[in-house]
Amino acid sequence: MNSRKRQQGLLLNQDFDLLASRYDDFRQEWEALKGSSSQKSLSSKSTPTFQLALTRASLDFHFGLKLPSMPLDRLCPPVPNRWFYCEWVLSSLMLLLTNPDYFSSHIDQTNDNGLDIGTGASAIYPMLLTNHASNLTMFASEIDPVSIDAARSNIGANKMQERIHLIKISDSDQGDGPLLQALTHIPSNIMFDFVVTNPPFFDQQPPPRKDGRDRTPMTDSEGIYPGGEEGWALDILRDSLTVQRRIGWYTTMIAKKHSWQRLRGILLDLLGPGHVVSTELPSSTKMTRWFLAWTYHRPTSQSPLSEKKPLPQFEVNLVSQTPDDGNVQIVAQRIKDFFQSFHNDVVKCLEDDQSTLSPESLRFVEKDPVFPDRLMVETSSLPFDITDCKYTAKDWMPERGHLWIKFQLCSKPAGVVQVQVKGCRHSQKGDGILENILRRLQGEVCRTNRRWRRSMARDNPK
C-alpha cells in the first residue's frame with residue numbers, strides 16, 4: 001500500500017485512543033465524552049471543544065501542522081474529508097492537466113499556484129496543500145475579520161507565511177461572485193492550477209435539529225449564502241465562464257447528493273463530459289461528501305473522460321470459406337456501409353488518417369462539425385444569464401467535433417469476427433448521435449435486425 005493510501009486509511013479510521021496517548025488536551029475531551037451517561041451515539045455527544053481537540057491532534061499527528069488559533073464560534077473543520085479533497089486535487093486532477101491523452105490544450109508544467117475561496121479561521125486547505133506540495137503557493141480569500149486574524153496566526157505558527165497569501169474580501173467587492181471577488185486582489189498575470197472551496201451549506205438560518213443536537217458552530221458568512229451550496233457553486237461557475245483557462249480546475253465540495261447531481265448535470269450539459277470530473281468520500285466514513293471539478297481546457301477527441309461506458313462487444317458469425325483476414329475485411333466494409341447510410345451521412349471514416357493502420361482498426365468522427373455560436377446549453381436551463389458570455393462551445397470542444405468512435409476487429413476460428421467498440425462524446429449532441437449508432441449497430445453489422453431479415457426472406461423465399 002502506498003503512503004498516500006495508508007495515510008488516507010488512518011485518517012478515515014482514526015484511533016482515538018492512540019491520539020489520546022499523545023495529546024493531553026484530546027485525552028481529556030475523549031475521556032469526558034466516553035464517560036458521559038448519555039445513550040446518544042458518539043457523534044451526537046460530540047462537543048465543540050472535543051471537535052477542536054480532535055482537529056488539532058489529527059493535524060499534528062498526521063501532518064505536523066499546528067492550529068493555535070481557532071475561535072470556538074467559528075467552523076472547526078473535520079480533517080479527514082478536507083484531506084481527501086486536497087489529495088484528490090493533487091494526485092488526480094493536477095496530473096490530468098499535463099496529460100496529452102486527456103487535453104489537447106494541456107500544459108507542459110503546472111503553475112504551482114492554488115486558490116482557496118473562503119478559507120475560514122483554520123486556513124486548513126492552504127496549509128494541507130502547501131504542506132504536501134513543496135512547490136505550491138496558495139492564495140486564500142476570507143470575508144470575516146476574526147477568521148482572517150486566526151488564519152494569519154495559524155499560517156505563521158507553521159512558518160507558511162511566505163507561501164500562503166491571505167486576501168481580505170471587503171464590502172466593496174460584493175458585486176461579483178466569490179471567485180471574481182478574490183481575483184480582483186490578485187495580479188492578472190498569475191495563473192492557477194486549481195481553486196478549492198467549501199460552500200456555505202444553508203440558504204437561510206437553519207432550524208433546530210429534530211434530535212435536539214446543537215448545530216456545528218459557525219458564523220453566517222461560513223454557513224449561509226443565497227441558494228446555499230448550490231447558489232455558491234453556481235456563482236463560481238458563472239465567474240469561471242469569465243476567467244476560463246486562467247485556472248486549470250475549478251473544484252468544490254458538495255454536502256447534499258441532490259445538489260451534486262444537479263450541479264454535475266448542469267456542467268455536463270454546458271461543457272460536455274470531457275471537462276467534468278467528480279468523486280465521493282469513501283463509504284468507510286460516516287460522513288458523505290461529493291467533490292466536483294470542471295475545466296475549460298480542450299479535451300482530445302479520445303479523452304478518457306469523454307468515453308461512454310459500457311459499450312458493446314459482439315461477435316459476427318460469417319458462413320464463408322474466405323481466409324480469416326478476409327472475414328475481417330467483410331465486417332469492416334459492413335461497418336463502413338452502415339455509417340455511410342446513417343443519419344444523413346453525419347459521420348465519416350478517418351481513412352486518410354489511418355493509412356498505416358490495418359483493416360482491424362476503424363475510426364469515425366463527425367463529418368462536418370458544427371459548433372453553436374453560443375454555449376451548448378439552452379440559457380433557460382441555467383439559473384443565471386450567460387447570453388453575454390464571449391466564449392462559445394468552439395473555444396473548448398475538440399476540433400474533430402462532438403464524437404469519436406473506434407472499432408477493433410479480431411478474427412477468431414470458425415468464421416467469427418469479434419467487434420470491440422470504443423466511443424467518446426463531447427456534448428449532448430454527440431451523446432445523442434452515439435446512442436442512435438449503438439442502438440442500430442449490432443443488428444446492421446450482424447445482419448440480424450428486421451431490415452436484414454426481410455431482405456433475406458425476399459432473397460430466399462420458401
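1. Two strands count as paired if DSSP finds at least two bridges between them; strands (E, at least two residues) and helices (H or I, at least four) are DSSP runs, numbered from the N terminus. S9 and strand S10 (residues 361-366) run antiparallel and are joined by three bridges. Lys 348 stands opposite Val 365 in S10.

2. This is a predicted model, in which local features need pLDDT of at least 70, side-chain atom pairs count only at pLDDT 80 or more, and totals for chains, interfaces and linings use all residues. Residues are numbered from 1 along each chain as its sequence is written, and side-chain values use heavy atoms, without hydrogens or water.

3. pLDDT is the predictor's confidence in each residue, from 0 to 100. The protein chain has a mean of 85, with 84% of its residues at 70 or more. Over residues 352-357 pLDDT stays under 50. Where pLDDT is low, the predicted coordinates should not be read in detail.

4. The open sheet has five strands in the order S8-S12-S11-S10-S9, with antiparallel pairing. Strand S8 (313-317) and strand S9 (347-349) are its edges, each pairing on one side only.

5. Seven of the nine residues of helix H7 (124-132) are buried (under 20% relative accessible area, 1.4 Å probe, protein chains only). Among them are Tyr 125, Met 127 and Leu 129.

6. A nonpolar core is a set of buried Ala, Val, Leu, Ile, Met, Phe, Trp, Tyr and Cys residues joined through side-chain atoms within 4.5 Å. The largest has 45 residues, and Leu 129, Phe 194 and Trp 249 have the most contacts inside it. H6 gives the most to this core, with twelve residues.

Technical notes: Buried means under 20% relative accessible area, exposed over 50%, partly exposed in between (1.4 Å probe, protein chains only). Contact means heavy atoms within 4.5 Å.
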